[in-house]
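Subject: Structure handover

Hello,

Here is the structure I said I would pass on. My notes follow below it.

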Amino acid sequence: TNASALSPSSSSSEFGLQMMVSHTTEIVLLQCSERYYPMVTRLITDFATSISSLSAVEGMCRIVQAFACALPEQALPALVPLSCERITEEVNNDIGSQPSLSMHTQSHSETTLIWYASILSRLVNCQCGELLVKYKDQICATIKLMLEKCLSRQVYQLASSTLSRMVATMVMIYPERGHSVSSEMWASTEFQQNHFRYWGQHPEIDSESFKIEWHVAGAKEIDCVLDIVRSVVRPLVGKMDDLLDTMRDSPTNNVKNIDNVRMHRMLVALRFGVHCLGILIPPPCREVDAEELAKVIEEDNGAYDMPARYRLGKQVDAGYIFAEGTAEYHEILTIREEIGGIVARALAYMAESSEDNVENIKALILLAQSYM
């Protein structure tokens, strides 16, 4: 059903149904026996490739994400190459090249492109960053192609979010599996033959850690993320600089709509690029003067009444893969500062020549918020 044509109550019911189906799918797949993996892979792959409907994108994405999180070893080989190939084919046929700042596409020709771009954005959100390393080149090539050729807002926003999600999956700390038992017990003959005896129980309940397996970025993932930042994120700064030069050299009344869309595309891509950098290093904070802070506390204003510069303080440096003082930290920090410089230049240009471009101003504000 087309959710946009439904009443608010019907739309809410459909959303609830989608959530229930995706949650049920994830739970079933997490506890699914290995002998059913080929069947599950075939069913979901056939379903994903047999239809492409804009009204079904969100529902399909929920199922794909449940599949990728529960069985990444099956989901990624089955759907990542396929999605990249279909996206590349569509983009090379000039699909998505029509300039548009609407988040709701009006062109049915973009249906297939948006369908597979949405699937790819959920696949990279799987719970196994190490498996993504194998597909890094293919995914990055697809993202760069969409950011270079596509002027449809929905498409380049999907490409940018895919980049950010991929970096997060590779370096962030999260539980790798959601099985109700540890991996050792899951692989044991006793559990395989009598798994029904453990339904509704957690045999590791007495263990302090519940034997949860946490994802921590390995050397391959770290190298992969650095390559992504160098080959995809950093070049965005130079492209934005060139675009601003082109637009500044044109008379104000001759700036074409296509240039405004290109600028919006770069602002969106840079915002997600900042998200990538924020995952890798802690945000730089100025040191708070201890005496000044003590004076504020003595005035008994309470934490919520403190000025923001004191209330925020310095964040805990936990979960970041590059420590302050390392060469990688300074490289990422330099790229971040370059993005800050281009944000300032874009702001100056808009203040002089583009005050009436509402969408670009909103995109710039979101980028500045992410940067700060």
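What share of the contacts in the chain with a separation of 6 or more comes from residues 24 or more positions apart? Such residues account for 79% of them, where contact means heavy atoms within 4.5 Å.

This is a predicted model, in which local features need pLDDT of at least 70 and side-chain atom pairs count only at pLDDT 80 or more, while totals for chains, interfaces and linings use all residues. Residues are numbered from 1 along each chain as its sequence is written, and side-chain values use heavy atoms, with hydrogens and water left out.

The chain has 16 helices and two strands (DSSP runs, H or I of at least four residues for helices and E of at least two for strands, numbered from the N terminus). Of its 372 residues, 43% are buried (under 20% relative accessible area, 1.4 Å probe, protein chains only).

In helix α8 (residues 153-171), 17 of the 19 residues are buried. The end C-alpha atoms of α8 are 28 Å apart, which agrees with the 27 Å that its 19 residues should span at 1.5 Å a residue (1.5 Å times one less than the number of residues).

Helices α11 (residues 219-249) and α15 (residues 327-353) have axes that come within 10 Å and cross at roughly 20 degrees (lines fitted to C-alpha atoms over the stretch in contact, with angles from 0 to 180 degrees between N-to-C directions). The two are therefore roughly parallel (under 35 degrees). Among the residues that meet are Leu 226 and Val 229 in α11, and Ile 332 and Tyr 349 in α15.

Regards

Terms used
Buried means under 20% relative accessible area, exposed over 50%, partly exposed in between (1.4 Å probe, protein chains only). Angles under 35 degrees count as roughly parallel, over 145 as roughly antiparallel, 65 to 115 as roughly perpendicular and the rest as oblique.
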